[in-house]
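Me: I'm new to reading protein structures. Could you walk me through this one with a few questions and answers?

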Amino acid sequence: MKVMKFGGTSVGTPQRMKEVTQLVTKSGEQVFVVLSAMSGTTNSLVEISDYLYKKNPDGANEVINMLERKYERHLQELYTTDEYRNLTRDYLREEFQYLRSFTKELFTSFEEKSIVAQGEMMSTNMVANYMREQGINAVLLNALDFMRTDKNAEPDPVYIKEKLAAIIEQQPDAQVYITQGFICRNAYGEVDNLQRGGSDYTASLVGAAINAEEIQIWTDIDGMHNNDPRIVEHTQPVHQLQFEEAAELAYFGAKILHPTCVQPAKYAGIPVRLLNTMQPEAEGTTISNQTEYGKIKAVAAKDNITAIKIKSSRMLLATGFLRKVFEIFESYQTPIDMVCTSEVGVSMSIDNSAHLGEIMDELKKYGTVTVDTGMCIICVVGDLDWSNIGFETRVMDAMKDVPVRMISYGGSNYNISFLIREEDKRRALQSLSDHLFA
């Protein structure tokens, strides 16, 4: 069985929902479908929550009414029979009454998570009813019945596998199983969400749980490109990536995929394909445990980086110095991207400067601190094992006219990274494309 995940833009209109149905049923094989909320819905639900936090029920009700009118228009376009139009309308009325019920109660983060979960509930119900109207044996599964996180807020794969297997066993002949992405229950049974990667994470967890043949992530982009198409012309989709390569690209700027969401598929050895709903015939990108040796695959960029350098003569031969430095960042829950060290100093980059002032104050206990803001990380990904003689030279040659603040190489077999000024990003990306892919 294949798992097919469709994002918000893929189910953003009645026409898109119909196209998704055609894609799902085209092969005639049994499939498991994961859907996001209709595009724009989650933003509206977050806005409703924001009004309720601010104790403004009138503002919340106004947004609820606008959203309900939008869905009513979609009902008229999506269904051809009164039976399924009225069936779905009754369900949506209950949903919007449920949302209105929060305007009369004390509002906390627990209620917010329940509100935000309703977007996926509505989209899956609409698509499942449309498929049934078309004569398709579609079964709607509630993700809250099997998707759970543990006390560390990490997915519980054993629980997910056991519960999902039992649910599918009750209806083994379904042509299409449909469930919600993003939402789950936590270890205490409360409505929660998977946060990182959202619906992609759900698809990967489901794929691992049912030992799927393949996991397909359908978006509005035809796979990961070898450079940023918003900046560099004539970029091309990368047809094959190793899981580590995909994670590097995702972390350093390829927004099509979250770096952690494919981990369950990686450990289960299940390939993930990134496909385009608007161009279903396009090959897309396949991510697997297979490595294409001797190839540089792609370039990505990450903006809004801050570089911090601490210089100290006390660092010379001092044990525990780096531990003390890293503990400061840990205490402020600020991850470090790049690290470069010398005998008398260490430079680091971060992408979250919320606690920069406090971090600097703490670091000044150990040495002289300097900060560079407005920086950018350029990441080159591929088979960059140190035994591939000359690969790093090719990359360096492309960067010869760009001022480089830091370089990271050797921490992984799959990337080499440069820290540069944001104003040099366009020039660096274009030069790398010319040298590596032209």
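Me: Happy to have you along! In which order do the eight strands of the open sheet run?
Reply: This is a predicted model, so everything here is computed from it. Eight strands make up an open sheet with mixed pairing. At its edges are strand S3 (138-140) and strand S8 (240-242), each pairing on one side only. Reading across, the order is S3-S4-S2-S1-S7-S9-S10-S8.

Me: How much does that sheet twist on average from one strand to the next?
Reply: Let's stay with the sheet that has S3 and S8 as its edge strands. From one strand to the next, its twist averages 20°.

Me: What is the bridge partner of Phe 6 in S7?
Reply: Strand S1 covers residues 2-6 and strand S7 covers residues 214-219. These two strands pair in the parallel sense, over five bridges. In S7, the partner of Phe 6 is Trp 218.

Me: At about what angle does helix H5 run to S4?
Reply: Helix H5 (residues 109-133) lies across strand S2 (31-35), S3 and strand S4 (176-180). Its angle to S4 is about 165°.

Me: Which residue pairs with Lys 113 in a salt bridge?
Reply: Side chains of opposite charge can pair when their charged atoms come close. For Lys 113, the closest N and O atoms of the pair are 3.2 Å apart. The partner is Asp 192.

Me: Is Asp 192 buried or exposed?
Reply: Under 20% relative accessible area counts as buried. Lys 113 has 27%, so Lys 113 is partly exposed. Asp 192 has a relative accessibility of 12%, so Asp 192 is buried.

Me: How many residues apart are Arg 273 and Glu 214?
Reply: Arg 273 and Glu 214 form a salt bridge, with their closest N and O atoms 3.8 Å apart. Arg 273 is partly exposed at 22%, while Glu 214 counts as buried at 12%. Arg 273 sits in strand S9 and Glu 214 in strand S7, and this pair links distant parts of the chain, 59 residues apart.

Me: With which residue does the side chain of Lys 302 meet in a salt bridge?
Reply: The N to O distance of this salt bridge is 3.6 Å. Lys 302 is in strand S11, and its partner is in the loop between helix H10 (321-331) and S12, 35 residues apart. Both residues are buried. The partner of Lys 302 is Asp 337.

Me: One last stop: how much accessible area does the nonpolar patch on the surface have together?
Reply: The patch is formed by Trp 386, Met 396, Val 404, Ile 407 and Tyr 409. Ile 407 lies in strand S15 (residues 406-409) and is partly exposed, at 34% relative accessible area. Together, the five residues of the patch have about 500 Å².

How values were computed: Residues are numbered from 1 along each chain as its sequence is written. This is a predicted model: local features need pLDDT of at least 70, side-chain atom pairs count only at pLDDT 80 or more; totals for chains, interfaces and linings use all residues. Side-chain values use heavy atoms; hydrogens and water are left out. Patches are made of residues with over 30% relative accessible area and no salt bridge: like charges are joined within 9 Å, nonpolar side chains (Val, Leu, Ile, Met, Phe, Trp, Tyr) within 5 Å. Accessible areas come from the Shrake-Rupley method with a 1.4 Å probe; for residues, only the protein chains shown count as cover. A salt bridge is a side-chain nitrogen of Lys or Arg within 4 Å of a carboxyl oxygen of Asp or Glu. Helices (H or I, at least four residues) and strands (E, at least two) are DSSP runs, numbered from the N terminus. Buried means under 20% relative accessible area, exposed over 50%, partly exposed in between (1.4 Å probe, protein chains only). Two strands pair if DSSP finds at least two bridges between them. Axes are lines fitted to C-alpha atoms, for helices over the stretch in contact, and angles run from 0 to 180 degrees between N-to-C directions. Contact means heavy atoms within 4.5 Å.
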